[in-house]
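Hi,

Here is the structure I promised to pass on.

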Amino acid sequence: MAPALLGCVLEHDTAAGLVAVELTEVEAYAGAVDPASHAFRGRTNRNAVMFGPPGHAYVYFTYGMHFCVNVTCQPVGVPEAVLLRAGRVIAGEALARGRRVRWRPGEIKTPGMNEAGDAVPATAMPVRDLARGPARLCQALAIDREQNGGDVCDPSSPLRLRPGDGGTRMAGERAIGVGPRVGVTAGADTAWRFWIANDPTVSVYRQSKPRARKQQDSR
DNA sequence: CGTCGGATAATCT
DNA sequence: GATTATCCGACGA
């Protein structure tokens, strides 16, 4: 399923307008047999959607500030899904850019302004970075908890998946890259990440790095 | 381009 | 209480 999704289009229709991306990078997570999968240790409230019917969005919140979206791809009871890691914006670029304005805690959260309060030019966020990475993709498409469990195969859903504009699957004529998944600890040697070769919107590979443990009193 | 640390909170042990 | 399917700015090469 994962490489088959490359080149397909994910679009989110909201009151603000529609943003669409052509998927350029995905990762497969194989539930019960995959220690890197959220479903590896069984069903919980968080991963319940993974155990549901295929073609639905599994949206989770992580690192205290980011959302990521998966598409389930197996029958009820088989918790397998594909994480949508990156895409190329093909519609709603201005809206996506507005959603990608960032700020730091405690600072003014005004779209179009930077931390100093200066107007941010339209070129501040390169188009290639609008959905380059799973949390960035969710930002650009305004995907959050509301979309968890949604049927992305129903064309009438706000968040839906459709064949690519090229009309072909498997990213058409383009070569597909294969490699280990980003940021996972268990199962780091399993090559279940797929991307469109030489596409600038594919995120940079990063190995999982154990974070320093919470500082004890070091005196 | 690469590495590093901070932000920040749901989830699980 | 530890961990995390991340992002971003700062800094150095």
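Below is what I found, going from the whole chain down to a few spots.

One thing to keep in mind is that this is a predicted model.

**The whole chain**

Chain A has three helices and eight strands. Of the 219 residues in chain A, 43% count as buried. Now take the contacts in chain A with a separation of 6 or more: 60% of them are between residues 24 or more positions apart.

**A buried arginine**

Find strand E5, which covers residues 80-91, and pick out Arg85 in it. Is Arg85 buried or exposed? Arg85 counts as buried, because its relative accessibility is 7% and the cut-off for buried is under 20%. So what does its side chain meet there? The side chain of Arg85 makes a polar contact of 3.2 Å with the side chain of Ser203. If you leave out neighbours within four places in sequence, the contacts of Arg85 include Glu25, Val26 and Glu27, then Ala131, Arg132, Gly133, Pro134 and Leu137. Val182 and Arg193 are also among them.

**Helix H3**

Two of those contact residues lead us on to the next spot. Pro134 and Leu137 are among the buried residues of H3, together with Ala135, Cys138, Ala140 and Leu141. The helix runs over residues 134-141 and is mostly covered, with six of its eight residues buried. What do these buried residues pack against? Their partners are strands E1 (9-14), E2 (17-30), E4 (66-72) and E5, plus helix H2 (93-99). Look just past the end of H3 as well: Ala142 there has a positive phi of about 55°.

**A nonpolar patch on the surface**

Finally, turn to the outside of the model. Phe61, Tyr63 and Met65 make up a nonpolar patch on the surface, and together they have about 370 Å² of accessible area. Phe61 sits in strand E3, residues 57-62. Why does Phe61 count as partly exposed? Its relative accessibility is 32%, and partly exposed covers the range between the 20% limit for buried and the 50% limit for exposed.

Cheers

Terms used. Residues are numbered from 1 along each chain as its sequence is written. Chains are lettered from A and ligands numbered from 1 in the order in which they are written. This is a predicted model: local features need pLDDT of at least 70, side-chain atom pairs count only at pLDDT 80 or more; totals for chains, interfaces and linings use all residues. Side-chain values use heavy atoms; hydrogens and water are left out. Helices (H or I, at least four residues) and strands (E, at least two) are DSSP runs, numbered from the N terminus. Buried means under 20% relative accessible area, exposed over 50%, partly exposed in between (1.4 Å probe, protein chains only). Contact means heavy atoms within 4.5 Å. A polar contact is a pair of N or O atoms within 3.5 Å; within protein, one must be able to donate a hydrogen and the other to accept it, and residues adjacent in sequence count only if both atoms are side-chain atoms. Patches are made of residues with over 30% relative accessible area and no salt bridge: like charges are joined within 9 Å, nonpolar side chains (Val, Leu, Ile, Met, Phe, Trp, Tyr) within 5 Å. Accessible areas come from the Shrake-Rupley method with a 1.4 Å probe; for residues, only the protein chains shown count as cover. A salt bridge is a side-chain nitrogen of Lys or Arg within 4 Å of a carboxyl oxygen of Asp or Glu.
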